[in-house]
Amino acid sequence: MQHVLRSSTVYRYGVQRQRSYLTSHCPTLEVRQPQFQGPTWLHFELRHTYLGLDSTHIQATFWIMICVLCKLWVRTSELVDSVLAVVLHKHCPLGHVRRWRHPPVYRPLVDLSTMEERHVIITYRLDCATIQELCTQLKPDLMSTIRHPTGIPPQVQVLSVLHFLASGSFKKTMAIASGMSQPMFSNMLSRVLSALLKHMQSYVGFPQVEDFPTVKGDFYALGHIPNIIGAIDGTHVALVPPRRSEQVCRNRKSYHSMNVQMVCLADQYISHVNAKFPVSVDDAYILWNSSIPYVMGQRQRHRVWLLGDSGYPNLSWLLNPVRNPRTRAEERYNEAHGRTRRIIERTFGLLKARFRCLHMTGGSLFYSPKKVCQIIVACCMLHNLALLRQVPFLQEDGPDGGVVAAVEPVDSEDEEAEAEEEDMDNRDSVIEQYFQ
């Protein structure tokens with residue numbers, strides 16, 4: 001039983017001792033100041049929150065009503081308040097307090113076993129076997145955050161984050177669809193991203209030396225340029241800019257974004273990603289502040305190259321197109337260069353189509369630049385995982401039952417920046433040897 005006491009005398013005469021005695025010795029008693037100011041200087045309300053009352057509660061109710069009648073006729077409120085406190089303490093001891101607890105209500109959580117394989121791929125961009133393998137890999141990091149037997153299982157956490165990355169919906173909408181609150185989903189997103197980034201080296205990396213013949217053969221089939229092991233370029237990912245650095249995130253298309261540098265293979269596998277710079281930083285600066293110069297310097301003795309657009313300098317391990325071709329050989333080189341480097345544009349298109357949170361149609365990311373960087377790298381990891389497991393890319397309204405064989409580039413963020421030509425002899429030797 002909960003007693004709600006509304007007494008103006010407790011506050012009118014400043015009897016703080018009686019009020020503190022009541023609240024400390026009778027936890028079910030709540031003293032409130034009345035909301036009205038008028039001639040009536042006393043008001044009691046006895047509220048029962050239990051379905052049944054025993055003899056102790058009835059006896060306490062009887063004595064309280066006697067005190068109410070006394071206070072209606074007697075002005076000595078301090079004496080009656082003291083008597084009321086003793087009565088409540090005697091008939092409502094802590095041992096007789098029973099608190100009514102509402103049973104917890106749990107929303108239905110997502111269940112992978114009740115979904116069809118095609119619907120699983122459309123919703124989460126991975127098949128059931130790959131999701132189970134990913135959950136097993138991330139389970140040690142996600143189980144450490146469950147402190148209650150009714151905590152969210154790791155599989156539900158992974159599925160909720162995959163659905164968020166694939167659809168690009170707001171966190172509140174995703175929380176409702178996943179059967180959890182929005183703050184819980186926000187915390188869970190950070191945990192799953194951190195767990196994914198711990199395994200980045202297993203999913204994103206340059207090909208090994210023993211894989212060079214296969215990689216170079218795949219690139220040669222695209223444009224007949226030999227010794228190519230990657231195509232490099234940058235793309236924009238929209239975000240809501242931080243308040244203090246709004247200008248550095250505004251691009252030439254009048255929206256805010258991050259300048260993401262990627263290197264891909266001929267099969268659209270992403271071998272390198274750098275997403276920590278805003279759009280105000282040019283491609284050449286991002287290149288020199290990444291691990292690519294060191295990695296390619298270690299592989300220079302194998303005479304391999306990367307292909308980049310005119311925004312990158314011409315280096316001993318990077319080939320860019322000729323700005324003003326004068327000979328037929330240079331024109332053939334530019335044509336072959338464009339056919340081969342186009343694979344990076346198709347990779348951007350496939351990545352943003354697979355994970356709509358990175359595309360403008362999914363809206364801007366309402367996160368800090370640091371967390372946006374984590375989301376981009378996580379999407380690249382999952383993209384490579386889908387390629388390794390040969391998971392088809394399915395859409396709701398795609399042709400042939402939803403299977404999309406190829407995706408055209410959705411954007412081209414080439415900034416024809418003036419890059420300093422540092423190694424002209426390297427490119428000239430390639431043109432003279434292979435395109436004469």
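Of the 436 residues of the chain, 50% count as buried, meaning under 20% relative accessible area with a 1.4 Å probe and protein chains only. This is a predicted model, in which local features need pLDDT of at least 70 and side-chain atom pairs count only at pLDDT 80 or more, while totals for chains, interfaces and linings use all residues. Residues are numbered from 1 along each chain as its sequence is written, and side-chain values use heavy atoms, with hydrogens and water left out.

**Chain overview**
- The chain holds 17 helices and seven strands, taken as DSSP runs (H or I, at least four residues, for helices; E, at least two, for strands) numbered from the N terminus.
- Among contacts (heavy atoms within 4.5 Å) between residues at least 6 apart in sequence, 70% join residues at least 24 apart.

**Helices α14 and α15**
- Helix α14 (residues 328-354) packs against helix α15 (residues 369-388) at an angle of about 100°, with the axes 10 Å apart, where axes are lines fitted to C-alpha atoms over the stretch in contact and angles run from 0 to 180 degrees between N-to-C directions.
- That angle makes α14 roughly perpendicular to α15, a term covering 65 to 115 degrees.
- On α14 the contact is made by Thr347, Leu350, Leu351 and Arg354, and on α15 by Cys379, Cys380, His383, Ala386 and Leu387.

**Helices α11 and α14**
- The axes of α11 (residues 212-223) and α14 come within 7 Å and cross at roughly 115°.
- Phe219, Leu222 and Gly223 of α11 meet Ala336, Arg339, Thr340, Ile343 and Arg346 of α14 in this contact.

Terms used. Angles under 35 degrees count as roughly parallel, over 145 as roughly antiparallel, 65 to 115 as roughly perpendicular and the rest as oblique.
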